[in-house]
Amino acid sequence: MTTKKTTKPTQKELEILQILWENPEASVRDVFEKMGGEDKNGYTTILKLLQIMLEKGLVTRQKSGKLHLYKAIPTKSTAQNQVVSRMIDTLFQGSASSLVMNVLGNSKASKKELQQIREYLDKLQEGKS
């Protein structure tokens, strides 16, 4: 039986990737502890998730003595783009403007953030003119 390879991480996989972006190499125990230990997740659950992520091509694994060290393959930016694209397609029927309007309407963007957004939109518009 062949497994379907995908690079789109699930929510739990994104949590693990976040840890790996902050700690370029991490063992299962490192990830387990940073995710809250037994109170939040079982050690074997984290191990299994990392094995699945390895099969999906989301992480690499390298043996270091008795430990296996995991590294994230996608960059944080790549993963963010994938999640946003999936959100636009599924929740906003392909409308990026609906996503942006929803985010800006439901969050408290600071004046600085709004200025950065305006500057970014101006750059996009100039590039299309």
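Asn41 is buried, with a relative accessible area of 8%. Buried means under 20% relative accessible area, exposed means over 50%, and partly exposed lies in between, using a 1.4 Å probe and protein chains only. The areas themselves come from the Shrake-Rupley method with a 1.4 Å probe, and for residues only the protein chains shown count as cover.

Before I go on, this is a predicted model, where local features need pLDDT of at least 70, side-chain atom pairs count only at pLDDT 80 or more, and totals for chains, interfaces and linings use all residues. Residues are numbered from 1 along each chain as its sequence is written, and side-chain values use heavy atoms, with hydrogens and water left out.

Back to Asn41. Where is Asn41 placed? Asn41 lies in the loop between helix 2 (28–34) and helix 3 (43–56). Helices here are DSSP runs of H or I with at least four residues, strands are runs of E with at least two, and both are numbered from the N terminus. Setting aside neighbours within four places in sequence, Asn41 is in contact with Lys12, Phe32, Met35 and Ile46. Contact means heavy atoms within 4.5 Å. With Lys12 there is also a polar contact, side chain to side chain, at 3.1 Å. A polar contact is a pair of N or O atoms within 3.5 Å; within protein, one must be able to donate a hydrogen and the other to accept it, and residues adjacent in sequence count only if both atoms are side-chain atoms.

A salt bridge is a side-chain nitrogen of Lys or Arg within 4 Å of a carboxyl oxygen of Asp or Glu. How many salt bridges does this rule give? The count comes to three.

Lys12 pairs with Glu15, with the closest N and O atoms 3.8 Å apart. Both residues lie in helix 1, three residues apart, which is about one turn of the helix. Lys12 is partly exposed at 29%, and Glu15 is partly exposed at 34%.

Another salt bridge joins Glu13 and Lys56, with the closest N and O atoms 2.9 Å apart. Glu13 lies in helix 1 and Lys56 in helix 3, so this pair ties together parts that are 43 residues apart in sequence. Are these two residues buried or exposed? Glu13 is buried, with a relative accessible area of 2%, and Lys56 is buried as well, at 15%. Apart from neighbours within four places in sequence, the contacts of Glu13 are Lys8, Ile52, Met53, Lys56 and Leu58.

There is also a salt bridge between the side chains of Glu25 and Lys71, at 3.5 Å from N to O. This pair links distant parts of the chain, 46 residues apart: Glu25 is in the loop between helix 1 and helix 2, and Lys71 is in strand 2 (residues 67–72). Glu25 is partly exposed at 39%, and Lys71 is partly exposed at 32%.

Now the interior. In soluble globular proteins, nonpolar side chains tend to be buried together. A nonpolar core is a set of buried Ala, Val, Leu, Ile, Met, Phe, Trp, Tyr and Cys residues joined through side-chain atoms within 4.5 Å. The largest such core here has 18 residues, and those touching the most other members are Ile16, Leu20, Val31, Ile46, Leu50 and Met53. Which elements give two or more residues to this core? They are helix 1, helix 2 and helix 3. Helix 1 gives the most, with five residues. As an example, Ile16 touches Val31, Met35, Leu49, Leu50 and Met53, not counting residues up to four places away in sequence.

Next, the surface. Val100, Leu104, Ile117, Tyr120, Leu121 and Leu124 make a nonpolar surface patch of about 520 Å². The elements giving two or more residues to the patch are helix 5 (96–106) and helix 6 (111–128). Helix 6 has the largest share, four residues. Patches are made of residues with over 30% relative accessible area and no salt bridge; like charges are joined within 9 Å, and nonpolar side chains (Val, Leu, Ile, Met, Phe, Trp, Tyr) within 5 Å. Val100 is found in helix 5 and is partly exposed, with a relative accessible area of 43%.

Last, Gly94. This residue lies in the loop between helix 4 (76–91) and helix 5. At 48% relative accessibility, Gly94 counts as partly exposed. Leaving aside neighbours within four places in sequence, Gly94 is in contact with Ile88 and Asp89.
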